[in-house]
Amino acid sequence: MLSTLEPLYSIKINCLHCEQDFQSSRVRTSFKKSVRNDADFCSYYKEENPDYYVVRVCPKCGYASTENSATRLTDNQRKEITTKVSARWVERDFNGHRDWDNALETYKLALVCAQIIGDSERLIASILHHIAWLYRYKGDIEQEQRFLRFCLDSYILVYEHEGIGANNARLLYLIGELNRRVGDFNQAVLWFSRVINDKKIMDASMIRASREQWAVLREQMIAKKVDLPDEMKQ
């Protein structure tokens, strides 16, 4: 009799901070089928949500990271983690199934660790975005909006650092969409326009998505009786 394949499997991680090995769960690729997606790339799943398992947390010292986190720590960064995370850490293991509360705790730990070591702004923006999604799953609009604003500020810092390169169409689109979601409609118009009109941008899927959300935004502005900018009146 064939055994049923479990959605989760474990991988071995070596903690960058305390150098202990530990196990962290992942969702098998065959189970990563979303039932629907929001315009800012938030995905919904019938079974295990892969986003719940993005963060790896060392049960020994509490250092939390993702696949995109820094690959080495300086002595000063280690000291900071020891003082601000490990000294307060109560040993616990996040391997195995995670519920919403576990997932939120791991992301907030990852955010603290990334901020302590001064990890990349793009990583910090991504963690903030995932936290906003977690609150969206719960229907907590106030906290979702709060973290979307933090995330938006962080993505703008990424843009200011990296510029408008051809590979940043997704980033520009996201800044437009997050502005739309937090109600900064005029800013959303500007960012979507950049994707649609900048000849250097060749990413057809992001140009199409920007046009689609431009139309959604226009209807939203009309419904809320917000004055349309000239380019939307045509």
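Domain bounds here come from an automatic or database domain assignment. The model is predicted. In the protein chain, this assignment gives domain 1 (8–162) and domain 2 (167–229). The centres of the two domains, taken over C-alpha atoms, lie 27 Å apart. Domain 1 brings 17 residues to the contact, and domain 2 brings 17 residues.

The size of an interface is often given as the accessible area lost when the parts come together. Between domain 1 and domain 2, about 1500 Å² is buried. Carbon and sulfur atoms give 68% of that area. On the domain 1 side, Phe41, Leu152 and Tyr159 lose the most area to domain 2. Together they make up 38% of what that side buries. The interface also holds 2 salt bridges. A salt bridge is formed by Arg181 and Asp40, with the closest N and O atoms 4.0 Å apart.

Helix 4 spans residues 141–162. Its 22 residues reach 31 Å from first C-alpha to last, close to the expected 32 Å. Buried residues of helix 4 include Phe147, Leu148, Cys151, Leu152, Tyr155 and Tyr159. Among the elements covering the buried residues of this helix are helix 2 (100–117), helix 3 (121–138), helix 5 (169–182) and helix 6 (185–197).

The structure holds 0 disulfides. The sulfur of Cys61 has its nearest cysteine sulfur, that of Cys15, 3.6 Å away. A disulfide needs the two sulfur atoms within 2.5 Å. Cys61 is buried, at 6% relative accessible area. Cys113 is buried, with 1% relative accessibility.

Definitions and conventions. Residues are numbered from 1 along each chain as its sequence is written. This is a predicted model: local features need pLDDT of at least 70, side-chain atom pairs count only at pLDDT 80 or more; totals for chains, interfaces and linings use all residues. Side-chain values use heavy atoms; hydrogens and water are left out. Buried means under 20% relative accessible area, exposed over 50%, partly exposed in between (1.4 Å probe, protein chains only). Helices (H or I, at least four residues) and strands (E, at least two) are DSSP runs, numbered from the N terminus. The expected span of a helix is 1.5 Å times one less than its number of residues. Contact means heavy atoms within 4.5 Å. Buried area is the accessible area (1.4 Å probe) that two parts lose on being put together, summed over both. A salt bridge is a side-chain nitrogen of Lys or Arg within 4 Å of a carboxyl oxygen of Asp or Glu.
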